[in-house]
Amino acid sequence: MGAQIRVYRQKIASTSSMKKIFKAMELIATSRIGKARSRARAALPYAEAITRAVSAVASQNDIDHVLTTKVDNPTRAAVLILTSDRGLAGAYSTNVLKQGEALTKRLREDGKEVRPYLYGRKAQAFYDFREREYDQVWTGNTDAPEVERAQEIGRTLVDRFLQPTEEGGVDELYLVYTEFQSMVKQEPVARRLLPLAFVESDAEHEPNPLYDFEPNAEEVLDALLPRYIESKIFAAMLEASASELAARQRAMKSAADNADDLIKKYTLLRNNARQAEITQELSELIAGADALAAS
């Protein structure tokens, strides 16, 4: 009986230690969510402005640019999947990977070869465990993205898009990430970035003003589109980081609550075991006293 009490005490102590870790991680995530959301909101005006500028250039009827022209029979697509570096965030990375798998399946059913690009160690572990190929992976600071990393990713993907298909280039570019909608809801989404003509389905339905471009619209697009892709990727990274922190905050709060329940359960079992031990000792004492009195 004493051994059983020691086991319950050890379980209570270990669960209490884990609860402290969960609470600390919950507080860290809670303190960082506000900053992550502020960064995402601060990046929005620039992303919207450059989207309007690119849309204005692309809307010209006489423009013929490789980044805005649809390929008649696309055969290869690049898919950038944004996950997290660390776990303990509930189903955050799992949901993004499921969305990526659904998009990959749909593209392959359309007869397209899919070339994955991964961001975050969870995506890398997912592909490595299943021994799947991927073209490139970036890791580090998924919960605090850096604009330099977005620029590096953007340059890599734009270069791959501009490369001829027969030399390994791609005809389409997709982005899979988690969109932050509220503290309790983060939705994994898939967006098509290129060709541009098939991206801006959510753009404002307003007529674009007429512009004169110098030296010409094609060269303006050459300058704008890399920045457009980088801004889109960075905005998605910021949304994903806020979503990751919100998911981790909820997961750690749930884990801490479950630890509380376990502590209460083990405490009750320990008290029952102690009471049973006391009752047994009293019974033995009474039985001994009765035996002495009878003799």
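## Basis of the model

Helices (H or I, at least four residues) and strands (E, at least two) are DSSP runs, numbered from the N terminus. The model is predicted: local features need pLDDT of at least 70, side-chain atom pairs count only at pLDDT 80 or more, and totals for chains, interfaces and linings use all residues. Residues are numbered from 1 along each chain as its sequence is written, and side-chain values use heavy atoms, with hydrogens and water left out.

Strand β4 spans residues 172-182. Of its 11 residues, 8 are buried, meaning under 20% relative accessible area (1.4 Å probe, protein chains only).

Strands count as paired if DSSP finds at least two bridges between them. β4 pairs with β1 in the parallel sense, over 5 bridges. In β4, Glu172 stands opposite Ala77. With β5 the pairing is antiparallel, over 9 bridges. Here Ser182 faces Lys185 of β5. β4 and β5 form a hairpin, with 2 residues between them.

Strand β5 covers 185-194, and helix α5 covers 217-294. Pro195 lies in the loop between them. The peptide bond joining Leu194 and Pro195 is cis, with omega about 0 degrees.

Leu88 sits in the loop between β1 (76-82) and α2 (92-109). Its phi is positive, about 55 degrees, although Leu88 is not a glycine. Leu88 has 48% relative accessibility, so it counts as partly exposed, the class between buried and exposed (over 50%).

Glu131 also has a positive phi, near 55 degrees. Glu131 belongs to the loop between α3 (121-129) and β3 (136-138). Glu131 counts as exposed because its relative accessibility is 73%.
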